[in-house]
Amino acid sequence: MKNLNLHQVRKEFLEFFKEKDHLAKHSYSLVPKNDKSLLLIGAGMAPLKPYFLGKEEPPNKRMTTCQKCVRTGDIENVGKTDRHGTFFEMLGNFSFGDYFKEESIKWAWEFMTEKMEVSKDLLWISIYKNDDEAFKIWNEKIGVPKERIVRLGKEDNFWELEVGPCGPCSEIYIDRGKEYGCDSEDCQPGCDCDRYVEVWNLVFSQYDKDESGNYNDLPNPNIDTGMGLERMAVVLQEANNIFEIEPIRTILKSVEDISQVKYKENDKNDTSLRVITDHIRAVSFMVCDGVIPSNEGRGYVLRRLIRRAARHGKLLGIKEKFLYKLSSVVIKNWMDHYPELKENEEKIKKVIKVEEEKFEQTIDQGMDILDSYISKMKKENLEKLNGENAFKLYDTYGFPLDLTKEILEEKGYKVDEEGFNKEMEKQRQRARMARENKGDSSWNEESTIDIDTNIKTEFKGYTSLNLEVEVIEIIKDNEKTDQLSEGKEGIIILDKTPFYAEGGGQIGDKGKISNENVSCEVSDTKKPVNDTILHFVKVNKGTIKKGDKVKANVIENLRRDIQRNHTATHLLHKALKKVLGEHVNQAGSLVTEDRLRFDFTHFEGLTDKELNKVEEIVNSIILETIEVETFEKSMDEAKKMGATGLFEDKYGETVRIVKVGDFSIELCGGTHVSNSNNIGLFKIISESGIASGVRRIEAVTGRKAYENMKDMENEMEDISKILKTNKSNIVERIKQIDKEYKNLEKEIDKLKSKLATSKLDDILNDIKEVNDIKVITKRIDGMDIGSLRELGDKIRNKVDSVVIVLATVKGEKVNFIAQASKDLVKKGIHSGNIIREVAKVTGGGGGGRPDMAQAGGKDSTKVDKALSKVIDLVKEQID
């Protein structure tokens with residue numbers, strides 16, 4: 001056998017099939033395109049499904065790929081064994097109605113025996129039990145002895161989904177020798193031992209399974225094969241597992257160097273080394289392909305992997321953030337075949353580092369909380385952590401459920417997963433209720449109205465703001481009526497309308513419905529069911545009746561403002577992708593006449609530089625006076641054009657596309673300007689985080705942007721008067737004041753330090769003792785937390801074997817610090833646990849290390865009561 005590394009095997013495979021007239025395609029993204037059934041790509045054929053299903057025409061009837069894949073179904077076993085992994089590469093050759101079994105089998109044998117130089121005597125074959133055709137090809141045409149061809153059942157050698165293309169498969173095994181076997185006389189492919197390693201699966205898609213379970217012959221059968229790259233390299237390098245092959249071994253060696261822990265010296269450490277080695281590959285490739293950490297979907301998979309790896313780093317004694325640095329090893333060793341890794345290196349490191357920092361902020365507190373849960377379970381002889389506590393670790397301290405499970409399993413405990421899921425559902429319900437209370441869950445009153453689905457309103461508002469129309473239905477107090485009199489409020493349905501109904505984040509139009517006898521003010525427009533548009537009105541004059549001929553007039557300046565803001569959201573979306581990366585996707589929006597609000601996926605707050613760049617790009621497109629085109633296409637055509645959108649079923653077969661030159665193209669049913677310069681001016685007014693992995697930008701355009709600039713100018717005028725300087729000198733004046741302020745702060749700090757020292761003797765005269773342990777508690781109001789810590793340090797330097805708890809109330813703030821001598825820490829004293837219980841008395845919380853901790857409180861009237869608990873807490877820790 002050739003001794004080849006991963007990259008050499010990959011190259012040989014792709015080159016081999018290129019010689020067989022296959023189109024070699026670069027790996028598709030790990031993020032599935034237009035496939036809601038998958039979170040992440042987990043097989044070589046997954047991105048090619050549209051070709052296999054006949055929905056799209058393949059670029060070539062013969063293709064070959066090396067596909068990046070991530071599977072996390074058995075993440076809990078990754079690291080514990082040396083056989084499991086989350087990231088792998090799948091080599092494959094594919095035929096879409098071209099060649100079939102004979103060519104597929106012939107080329108597989110040629111590649112294995114001639115290119116990889118695997119001895120024919122080591123190769124075994126499995127086939128589906130009824131596939132006589134495959135047997136004859138292997139036996140008669142290839143020459144594999146019948147005793148090395150094993151017939152297996154449907155579970156092992158038949159690939160199928162519930163309906164659609166399916167068929168038998170044939171697998172190629174390599175016999176690694178008796179030393180890997182189970183000594184059974186019946187040992188052969190299909191046995192659970194490690195002797196026979198399956199390296200290549202050839203799937204013959206020759207049937208079309210219908211809903212009745214019938215297998216109908218496909219007119220043009222397909223070939224789908226998959227070879228695990230890492231597994232093949234393990235066999236060729238005669239290694240024991242994937243962690244011993246290059247260049248994966250290079251990653252593991254780097255983890256050894258960072259942790260100063262050697263592989264194969266300690267089983268527990270080996271688990272951690274393998275977890276980190278595996279996860280950093282998956283994480284690096286996922287971030288490269290646009291996945292960012294979040295609490296949902298593929299973002300949650302990424303978060304789990306990063307946090308699990310970070311926690312195993314701590315188990316190895318790694319104190320600093322290290323994963324983002326380790327990603328450089330992945331990038332360096334895989335970038336030749338995956339140049340996108342190098343292109344996205346900065347983003348990969350940044351995303352990982354930010355997530356490490358977030359987890360670092362809570363992991364120590366979370367571990368302390370989990371330790372306290374474990375102690376309680378031990379005392380109460382419980383085997384399971386209840387779901388409520390598991391959810392608190394997830395929700396408050398960022399512990400993914402499988403991380404909590406893993407830590408508990410190491411100590412012999414389990415988690416009540418059903419209880420955890422119930423708590424998760426409760427949180428989702430609370431979130432839904434919160435949205436409803438804010439009015440974000442659409443609308444409530446009209447959702448109870450029984451609308452006749454035969455009543456249709458033709459929307460004409462894309463091209464007209466004024467129309468002559470007919471009243472076809474009137475609703476008052478959720479009941480149909482024939483008329484609505486002066487002073488009354490209700491809902492009017494027209495045969496056609498220029499009024500845009502709320503949808504796609506855009507608010508409904510306002511305006512007037514009237515004739516010479518009646519006048520109604522339209523306060524809102526909604527659409528509860530398809531093609532039925534409701535106009536919410538108040539009759540200001542006369543009586544409006546069913547069948548009346550009226551004029552429908554949208555307030556033009558409001559609509560124009562809305563259109564400016566809506567087109568600007570499209571430009572903003574594209575600008576964010578350009579500045580931050582393709583991982584940015586819309587997560588929500590609101591378009592009104594006053595402003596626009598755009599929610600998007602991103603892992604951290606934007607810098608001033610990034611915001612300025614986004615603003616600059618949008619305004620440059622506005623100034624280019626680009627025509628804004630709108631047209632309708634089929635969904636498939638829209639996707640081929642590169643239109644962005646959620647691509648959900650609600651769009652239907654025909655979709656409306658809004659195109660701003662070559663800059664932006666999106667699916668959208670909203671109203672827009674006809675030219676980018678109609679927007680006038682775009683100004684970002686705020687950027688904030690609204691959820692994990694979701695940011696929000698609010699901005700104004702046109703008239704409101706001008707008003708915003710005038711308001712800022714007036715504020716600058718007011719500030720200059722307060723500072724007694726002119727507008728051009730405001731910055732210098734503030735710098736001068738800031739310098740003066742800092743000098744004064746230094747003087748105050750000196751005075752505080754002297755004050756603290758002056759109280760030191762009083763404090764030292766009030767020492768209590770518990771079992772030869774000195775305990776000092778003191779309340780000193782008016783001090784900041786820094787001065788309080790400094791005072792604690794001075795006490796600890798003067799007194800041996802001491803526990804110190806100090807409190808201060810300054811304004812409405814309550815702060816505590818706790819410190820303990822090193823000799824007492826060895827005896828079991830834990831400052832973090834003491835301070836947590838003390839702070840609880842005042843409604844606060846906190847924690848920290850055994851030798852030093854701090855906490856905050858809320859109720860200043862209970863500070864003395866809190867300090868009085870310290871003696872008992874010390875007794876509990878030493879008993």
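How many bridges join strand 25 to strand 26, and do the two run parallel or antiparallel? Strand 25 and strand 26 (residues 654–660) are joined by 7 bridges and run antiparallel, where helices (H or I, at least four residues) and strands (E, at least two) are DSSP runs numbered from the N terminus, and two strands pair if DSSP finds at least two bridges between them. This is a predicted model, in which local features need pLDDT of at least 70 and side-chain atom pairs count only at pLDDT 80 or more, while totals for chains, interfaces and linings use all residues. Residues are numbered from 1 along each chain as its sequence is written, and side-chain values use heavy atoms, with hydrogens and water left out.

The sheet is open, with 3 strands in the order 25-26-27 and antiparallel pairing. Strand 25 (628–634) and strand 27 (664–667) are at its edges with a single partner strand each, so one side of each has no neighbour in the sheet. From one strand to the next the twist averages 25°, with axes taken as lines fitted to C-alpha atoms, for helices over the stretch in contact, and angles running from 0 to 180 degrees between N-to-C directions. Ser634 has Thr654 in strand 26 as its bridge partner. Helix 16 (residues 556–580) packs on the sheet and touches strand 25, strand 26 and strand 27, its direction making about 115° with that of strand 27; contact means heavy atoms within 4.5 Å.

Most residues other than glycine have a negative phi, and most peptide bonds are trans.

| Residue | Phi | Relative accessible area |
|---|---|---|
| Asn478 | about 65° | 36%, partly exposed |
| Ser801 | about 45° | 19%, buried |

Asn478 lies in the loop between strand 13 (466–476) and strand 14 (479–481), whereas Ser801 is placed in the loop between helix 21 (785–798) and strand 32 (802–810). The peptide bond from Glu246 to Pro247 is cis, with omega near 5°, and Pro247 is in the loop between helix 6 (229–236) and helix 7 (248–259).

Among the side chains, the charged end of Arg151 sits over the ring of Phe135 at 5.0 Å from its centre, and Arg176 lies over the face of Tyr180, 4.5 Å from the ring centre; the criterion is NZ of Lys or CZ of Arg within 6 Å of the ring centre and within 35 degrees of the ring normal.

Finally, the protein chain has 25 helices and 35 strands, and 49% of its 879 residues count as buried.

Key: Buried < 20%, exposed > 50% of the residue type's maximum accessible area, 1.4 Å probe, protein only.
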